Amino acid sequence: MTQSPNNQPWYILGAGAIGCLLASQLVKQQLPVNLIIKRAHTLSQTIHYQQTDLHFSCNVPIVDHCTRHHTITKLIVTTKAYDALPAVQSIAHLLTADAQIILLQNGLGSQQAIANTLPDQQIAVGSVTHGCFLTKPFQVVHAGLGQIILGELSPQLNNAKPSSQFQQFAQLPLDIHWTTTPLATLWEKVAINSAINGLTALYQCKNGELWQNQGVRQRVIALCLETEAILKKLQIPLSDQLATLVKRVILQTADNYSSTLQDVKAGKATELSYINGYIIDKAQIMGIDLPHHQWLVRTLKEKGYS
Ligand SMILES: NC(=O)C1=CN([C@@H]2O[C@H](COP(=O)(O)OP(=O)(O)OC[C@H]3O[C@@H](n4cnc5c(N)ncnc54)[C@H](OP(=O)(O)O)[C@@H]3O)[C@@H](O)[C@H]2O)C=CC1
Ligand SMILES: CC(C)(CO)C(=O)C(=O)O
C-alpha cells in the first residue's frame, strides 16, 4: 500500500533543543516522526517536553545517516547553521526528488548553500523566535513562547499558501505563520542579532547591559547604521529603523544571555559567520567596507571565539 504524502513521516535532522521541541509537538499531533542523529545506538528515544508546569514524554524512533531503510520525503533541519550543509549532505541519498525540506537555522548563508546542492527539492526556510534548551539529551525546556515565520526559499515559487506538506507543519501549535518573503524576515533577524549577539559575547554581558553603557550603546548604533546601508543597497526592507528594532529587542530581552554568549560560555562555535560574517561578505561583494562589523568579528576571533 502506498502512503499518501500526508501520512509519510517527518524526519528531523539534529536532535538538539529545537529538534526535540518539534519532534515532541509532531508526536503530540499524532504525526509520524523520526529523529536523525549522528550515531544511533537505540531504535527509539524518549523525549521529555516541559513548559512551566506542563510536561509530557513521548517516544520517537531514531535513525542515523547510515540507514538504508528509509526514504525521506519530509525533512526538517534543526542543526546549527555551520552543521547544516554537511548534515544534509550526509542524508542526501535518502531524499526523494520531490522531498520537501524545512530549514530552521539562525542567520543566513547556510540555507542558500543547501539549496545549491539540492536544486530539485522544495525548500522552505524559517525564522524561529521560540526559546528552548536541553537540560540533558532529549529533555527540552520550552522557556519562551515565540513564533516561526516560514516560506519558500525560491522566489519563483513565492506561494501565498504553503503546499500540503508545509501546511501540515504550519498547523503545529507553535504560532507558525507562512510568508512569501521569508528571506526578508531572516534578514531582519540577522540585522538585529548582528548588533546584539557579538557585543554580548565580547563584553560577556546580558542583552540589556548593551543599552545601559553609553560607549557600548554607540557601538550598537554604529553596527545598525552599517547594516542599514547594506540593506538599502540590497533593497531589503525593514519593518522600522534598525536601531529602533534593536533597542526594542534589547529591552524586551534585557535579562537574557544571547545565544552567542551562551555558545562562547559553553566553549562551542558560534553562528556569527552566518550573522555579522554574512553581512560583511555581502558588503565586500559590493566593494563596501564595514569597519564596525569587521572590528567586532576580528576582535572576537582574537579572543578565540569563532
Ligand atoms: N534553541 C533555541 O531556543 C533557538 C534556536 N534557534 C536556531 O535553531 C538552530 C538549532 O538550534 P538548537 O536546537 O538550539 O541547537 P543544538 O545545538 O541544541 O542542536 C543541534 C543538534 O544538531 C546535531 N547535529 C549536528 N550535526 C549533525 C549531523 N550531521 N547529523 C545529525 N545531527 C547533527 C547536534 O549534535 P551534536 O551536539 O552532537 O553536534 C545537536 O544535537 C540554530 O541555528 C539556532 O540558532 C533559533 C531560535 C531559538
Ligand atoms: C533576540 C536574541 C538576541 C535574544 O537573546 C537572540 O535571538 C539570540 O540570543 O540569538
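Guide: Start with a term: a residue is buried if 20 or more other C-beta atoms lie within 10 Å of its own, exposed if 12 or fewer, and partly exposed in between, with C-beta atoms placed from the backbone. Helices (H or I, at least four residues) and strands (E, at least two) are DSSP runs, numbered from the N terminus. This is a predicted model, in which local features need pLDDT of at least 70 and side-chain atom pairs count only at pLDDT 80 or more, while totals for chains, interfaces and linings use all residues. Residues are numbered from 1 along each chain as its sequence is written, and chains are lettered from A and ligands numbered from 1 in the order in which they are written.

Visitor: Okay. Which residues of α2 are buried?

Guide: In α2 the buried residues are A81, A84, L85, A87, V88 and I91.

Visitor: And what do the buried residues of α2 pack against?

Guide: They pack against β1, β2, β5, β6 and α3, which spans 110–117. Contact here requires that the C-beta atoms of two residues, placed from the backbone, lie within 7 Å.

Visitor: What order do the strands of the sheet have?

Guide: The order is β8-β9-β3-β4-β2-β1-β5-β6-β7-β10-β11, an open sheet of eleven strands with mixed pairing. Two strands pair if DSSP finds at least two bridges between them. β8 and β11 (176–178) stand at the edges with a single partner strand each, so one side of each has no neighbour in the sheet. From one strand to the next the twist averages 30°. Axes are lines fitted to C-alpha atoms, for helices over the stretch in contact, and angles run from 0 to 180 degrees between N-to-C directions.

Visitor: What holds paired strands together, in general?

Guide: Strands of a sheet pair through backbone hydrogen bonds, either parallel or antiparallel.

Visitor: Do β3 and β4 pair in the parallel or the antiparallel sense?

Guide: Antiparallel, over eight bridges, between β3 (residues 44–51) and β4 (residues 54–64). T46 stands opposite N59 in β4.

Visitor: Now β5. Which sense does its pairing with β1 have, parallel or antiparallel?

Guide: β1 and β5 pair in the parallel sense over three bridges, and I12 stands opposite I76 in β5. With β6, β5 pairs in the parallel sense over five bridges; there K74 stands opposite Q100 in β6.

Visitor: How many residues of β5 are buried?

Guide: Six of the six, so β5 is largely enclosed by the rest of the structure.

Visitor: What do β5, α2 and β6 make?

Guide: A right-handed β-α-β unit. Right-handed means that, with the strands pointing away from the viewer, the path from the first strand over the helix to the second runs clockwise.

Visitor: Switching to the ligands. How many residues surround ligand 1?

Guide: The shell has 28 residues, and the closest are G14, G16, I18, A87 and N106. A residue is near a molecule if its C-beta atom, placed from the backbone, lies within 6 Å of it. Two or more residues each come from α1 (17–28), β2 (33–37), α2 (81–91) and β8 (131–136). The largest share, five residues, comes from α2.

Visitor: How does the shell around ligand 1 divide into nonpolar, polar and charged?

Guide: It has 13 nonpolar, eleven polar and four charged residues. Ala, Val, Leu, Ile, Met, Phe, Trp, Tyr, Cys and Pro count as nonpolar, Asp, Glu, Lys and Arg as charged, and the others, Gly among them, as polar.

Visitor: Which residues are around ligand 2?

Guide: They are N193, I196, N197, N207, V249, T253, N256, S258 and S259. By class, that shell has two nonpolar, seven polar and no charged residues. Helix α5 (residues 182–203) gives the largest share, three residues.

Visitor: Last one: is F138 buried or exposed?

Guide: F138 is buried, with 22 other C-beta atoms within 10 Å. F138 is in the loop between β8 and β9, and its phi is near 70°, a positive value in a residue other than glycine. Q235 also has a positive phi, near 55°, but Q235 counts as exposed, with 6 C-beta neighbours inside 10 Å.
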